[in-house]
Amino acid sequence: MTWVLNNLDQIRTLLAAHLLLCLPPIVVSLLAALPIGVLTARRPGIGRFVRTASSTLYAVPALPLLIAIPLLFGFPLRSTATVITALSIYGVALMVGSTADAFSSVDPMIRQAAVAVGYSRTALFWAVDLPLAGPVLLAGLRVVAVSTVSLVTIGALIGVSGLGTLLTDGFQRGILAEVLTGIAATVVVAVVIDGLLLAIGRLLMPWTLKDVAR
Amino acid sequence: MIEFESVSKIYPSGAIAVEEFSLLIPSHSVCTLVGSSGCGKTTLLRMVNRMVTPSSGRVLIDSEDIAAADAVELRRSIGYVLQSGGLLPHRTILDNVITVPVLKGRKGSATRAHGLELLELVGLDPAIATRYPAQLSGGQQQRVGVARALAADPNILLMDEPFGAVDPIIRRELQTELTRLQTELGKTIVFVTHDIDEAFRLGDQVVVLRSGGHIAQQGTPEEITSAPADSFVSDFVGADLGGRRLHAITESDRTVIVDADGKPLGVLR
Amino acid sequence: MKILGQALQWLSDPQVWGGVEGLWARIGEHLGVSALTVLLAAVIAWPLGVWIGHTGRGAGIVGALTGAARALPTLGLLTLFGLLLGIGLGAPVVALVILAIPSLLAGAHAGVSAVDRTVIDAARSIGMSTHQLVWEVEIPLAAPVIVGGVRTAMLQVISTTTLAAYTADVGLGRYLFSGLKTKNYAMMMGASLVVVVLTILADLGFSVVQRWLTRRTHQLSRCPAGEY
């Protein structure tokens, strides 16, 4: 505890850096996976390919990816761009499957009913498909968010600061409290972001609340 | 007025849903299409709002070929009620009712007020307006479905087994309610059902279909019960009423259905 | 893209592959450590998962554990045990075992609890003991899902073992960390390629086993299904 109190400033800086690294990939995952996921759900042929490709991509270990990206794309090795790109790739790979599941889960009866009362194609997507896919999309996004927050720590291995720096620094200097702080802080950030997403979901999708269901 | 002009629907697989079907449904009347599953009745209904496009033949509304109309506009101008309501689970009851006016761009408080009136019209407490469909009973959802279909004040109502998923007592209630509404509103209603009882109770004109959308018999309930065209129709009519031979007796101003023992079963409207 | 050429050049050097510290040895070590940790984790996770799936008690724990495991930074576990247990093989193995448990537990639990109730009732009604029910009905029917859990765990562990080199002299991660220090990009890229190919091959291998098991279980359950 004393270690935490003595190093509050450093923790705060690293926390901010951590957030800056993990938020963009979460947003990118949602936005990029949306069109791919919709296509995957609508076209079974393309879908099977996309699903295999994304699960293979997700299986690629993080550290080699963090090293391969700058070498292949010519980014400087120790750059935030590397970490953000790598985590976005993971996020999209993970999110595509959930997005496809989300859109496949929309009851075709309800879609038919909406078409029958006169929803146009665009209106059908925005006012029916998207909100009804919402709960499964949210579940997928929560998984992406939590694993992204935890994966950002690996950036410390290639020298990109974040809460992971507490882990590498603590290990090298043999400060157990620092490592424990790093673990705890990462978990807290993950839990808070997860909670925020859940709250946003409740706000945007009031019909999914427990007490609404009969 | 709705006219089917020798329409057929043949799917790419070669399955024939409807073959050379012709029918005229006069304005302000209720026409029930009745038959077992797979007879093409729902396909016929869905041709009216272009959810299904005929492989050949034409469907006309007030003498105009609907193929020329914009499909989305056409659907918004026709009320549609389907089994289990087809309500949007993520919209409140009121938002569900005023779906079509809102789609047409009328969002104001007048529309909302009209929506509440419609809830009352179909026999619901306007207090449920802020709830979600999952919080309502099956019968209530069905009423909301009817209110939604009426919201844009369409001339035509298409009803696809709307009361198929509710229990018999509620179904009876909803049928009575629909009859009352129809006396008040005088819409042109096409009503699809597999329940011959329901078809007779609601239809001014009843069309009994066999598979492939072939008309086995069409006429008023009285005509069909008193003189079934063939054994298919008498089986269909008889089977659903418990296998008893039935006939209609006209007494002064009303028609009474009696069974083989002369026991009265009910009064036709 | 020049780096790819350099990496392939590095990989084509037979000296890189041979010897006690060579690529082959490192690959063997990497897979060996991964297999060992998954095995250890399975010894802990499977009985628990089968028990939870069989009794239906404590199902909430499985969900909570998998959720928590996702939030727990792997590097955190590695460094924590590195500090506690020193720089030997013990620290990464303990950390990796902890990481592998949730997937294995979830697989065993999901597989067993998804077994058709009517099949279980039938097995009981023909006089199977609980022991027989678990071993001869529930586990065989749950096999594809259990292997699915092994697949997830194995991939996760192979992946994370690359990080283990940070605290112990083990596995393919060595090349990455020493490359980072010496700026030997060709070696880093080459080793990265090896790890990627390894995980993809492992993934493919498991998916084949899983599909084979699924087909077999379906055939098994198809015959009796008609009789109930």
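Visitor: Is B:Gln218 buried, partly exposed or exposed?

Guide: Relative accessibility decides this, and the value for B:Gln218 is 38%, so the residue counts as partly exposed. Keep in mind that the model is predicted.

Visitor: In which strand does B:Gln218 lie?

Guide: B:Gln218 belongs to strand β10 of chain B, which covers residues 214-219.

Visitor: Which residues does B:Gln218 touch, leaving out those up to four places away in sequence?

Guide: The list is B:Leu23, B:Gln205, B:Val206, B:Val207, B:Glu223 and B:Ile224. With one of these, B:Gln205, the side chain of B:Gln218 makes a polar contact of 3.0 Å.

Visitor: How is a pair of packed helices described?

Guide: Two things are given: the angle between the axes and the distance between them. In chain C, take helix α4 (residues 59-71) and helix α6 (residues 90-113): their axes come within 9 Å and cross at roughly 150 degrees. An angle over 145 degrees counts as roughly antiparallel, and α4(C) and α6(C) are therefore roughly antiparallel to each other. The crossing of α4(C) past α6(C) is left-handed.

Visitor: Which residues of α4(C) and α6(C) meet?

Guide: From α4(C) come C:Ala59, C:Val62, C:Leu65, C:Thr66 and C:Ala69; from α6(C) come C:Pro102, C:Leu105, C:Ala106 and C:His109. Seven residues of this contact are nonpolar, two are polar and none is charged.

Visitor: Which chains share the most contacts?

Guide: Two pairs of chains are in contact, and chains A and C share the most contacts. Chain B and chain C do not touch, and their nearest C-alpha atoms lie 26 Å apart.

Definitions and conventions
Residues are numbered from 1 along each chain as its sequence is written. Chains are lettered from A and ligands numbered from 1 in the order in which they are written. This is a predicted model: local features need pLDDT of at least 70, side-chain atom pairs count only at pLDDT 80 or more; totals for chains, interfaces and linings use all residues. Side-chain values use heavy atoms; hydrogens and water are left out. Axes are lines fitted to C-alpha atoms, for helices over the stretch in contact, and angles run from 0 to 180 degrees between N-to-C directions. Helices (H or I, at least four residues) and strands (E, at least two) are DSSP runs, numbered from the N terminus. Angles under 35 degrees count as roughly parallel, over 145 as roughly antiparallel, 65 to 115 as roughly perpendicular and the rest as oblique. A crossing is left-handed if the near helix is turned anticlockwise from the far one by less than a right angle, and right-handed if clockwise. Contact means heavy atoms within 4.5 Å. Ala, Val, Leu, Ile, Met, Phe, Trp, Tyr, Cys and Pro count as nonpolar, Asp, Glu, Lys and Arg as charged, and the others, Gly among them, as polar. Buried means under 20% relative accessible area, exposed over 50%, partly exposed in between (1.4 Å probe, protein chains only). A polar contact is a pair of N or O atoms within 3.5 Å; within protein, one must be able to donate a hydrogen and the other to accept it, and residues adjacent in sequence count only if both atoms are side-chain atoms.
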